[in-house]
Amino acid sequence: MLLEVRDLRVEFRTRDGIARAVDGVGYAVDAGETLAVLGESGSGKSVTAQAVMGILDTPPGRITGGRVLFQGRDLLTLKERERRRIRGAQMAMIFQDALSALNPVLTVGDQLGEMFVVHRGMSRKDARARAVELMERVRIPAAAQRVRDHPHQFSGGMRQRIMIAMALALRPALVIADEPTTALDVTVQAQVMDLLAELRREYRMGLILITHDLGVVADVADRIAVMYAGRIVESAPVRDLYRAPAHPYTRGLLDSVPRLDRKGRELYAIKGMPPNLMRVPPGCSFHPRCPMAQDVCRTDEPPLYEVPGGRASACHFWRECLRG
Ligand SMILES: Nc1ncnc2c1ncn2[C@@H]1O[C@H](COP(=O)(O)OP(=O)(O)OP(=O)(O)O)[C@@H](O)[C@H]1O
Ligand SMILES: [Mg+2]
């Protein structure tokens, strides 16, 4: 297994108390595989990714438990110097907002080239040539000229391509893309996603794709992990999850996506709001919003039950849920 996260825990200490932003999360990604991580705002998708990458803001964040096994090594036990060597070269991250992730005062050529200078010991000249190649690879028109431009001189879509080029420059084994297309308009979103999927195939990378967009997930992901209030509540191969979700929260997410075959029908919305992480409800944290909730859900926290077909669900009533 390329990456295996086990029982990861991250807390934020705030004036109002301790928020368990990541509360025992586990997931795994193999080489060449795409795992989509789905869930409402604040469910812990990004904080999990930051902890895996080793870029969590500490303080206020603190990893309080778990393991992050990358190619068999627990990253949480490595020294920062070793982690830095892995970051960039073997695992890389693509962020939502390229403008704030790229350095505004350097040309894109210098930023791309820097990767080869630092990690590969190349000369400036060779690094520049590799930067142009990379820009061509992510289909930036007139790459040989544009390599001298600064990030703000590119459109949003082109900037996102540059960030993809940065992330993939050293052909990492694992890429984490955190809402990589959310800031773009719909047609550009599709182009950037297609490019990312194509490169992932070509390089046989493992990809963790954090997204709100269930439409995107269906096309590119192999597996899905659904997060709610700092936990994984369901995980399954993508097709099985679409066909029959094993958690009412997943069902709610699926039912709230507009579909052509249900035109004219009112869209479903999951009632209520995600919980405040300082005051997570007892029992199943989803119970106040759940249309299937029973007494046991208000008192007993569901474990992550194994569901046939390589799936898992944190619902006491996953069988009923599967039946629809
Ligand atoms: N710097 C911080 N200080 C305090 N709490 C934080 C901080 N960053 C994150 N959190 C807490 O961690 C929780 C999870 O945040 P995270 O950014 O992982 O959510 P997310 O699932 O990525 O949401 P989104 O879809 O909005 O990006 C938040 O609900 C918040 O309570
Ligand atoms: Mg996020």
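Ala142 is partly exposed, with a relative accessible area of 44%; the term covers values between buried (under 20% relative accessible area) and exposed (over 50%), found with a 1.4 Å probe on protein chains only. This is a predicted model, in which local features need pLDDT of at least 70 and side-chain atom pairs count only at pLDDT 80 or more, while totals for chains, interfaces and linings use all residues. Residues are numbered from 1 along each chain as its sequence is written, chains are lettered from A and ligands numbered from 1 in the order in which they are written, and side-chain values use heavy atoms, with hydrogens and water left out.

**Loops and backbone angles**

Ala142 sits in the loop between helix H5 (124–137) and helix H6 (143–146). Helices (H or I, at least four residues) and strands (E, at least two) are DSSP runs, numbered from the N terminus. Although Ala142 is a residue other than glycine, its phi is positive, near 55 degrees.

Gln71 is not a glycine either, and its phi is positive at about 50 degrees. Its loop runs between S4 and strand S5 (73–74). With 46% relative accessibility, Gln71 counts as partly exposed.

Another loop, between helix H1 (45–53) and strand S4 (61–70), holds Pro59. Pro60 is found in the loop between H1 and S4 as well.

| Peptide bond | Form | Omega |
|---|---|---|
| Thr58 to Pro59 | cis | near -15 degrees |
| Pro59 to Pro60 | cis | about 10 degrees |

Strand S10 spans residues 231–237. How many of its 7 residues are buried? The number is 5, so S10 is largely enclosed by the rest of the structure.

Two strands pair if DSSP finds at least two bridges between them. One partner of S10 is strand S9 (residues 223–228), and the two pair in the antiparallel sense over 6 bridges. In this pairing, Tyr228 stands opposite Arg231 in S10. S9 and S10 form a hairpin with 2 residues between them. Ala229, in the turn of this hairpin, has a positive phi of about 50 degrees.

Strand S12 (residues 311–313) is also joined to S10, by 2 bridges, and these strands run antiparallel. Here Glu234 is the residue that stands opposite Ser313 in S12.

In a regular strand the side chains alternate between the two faces of the sheet.
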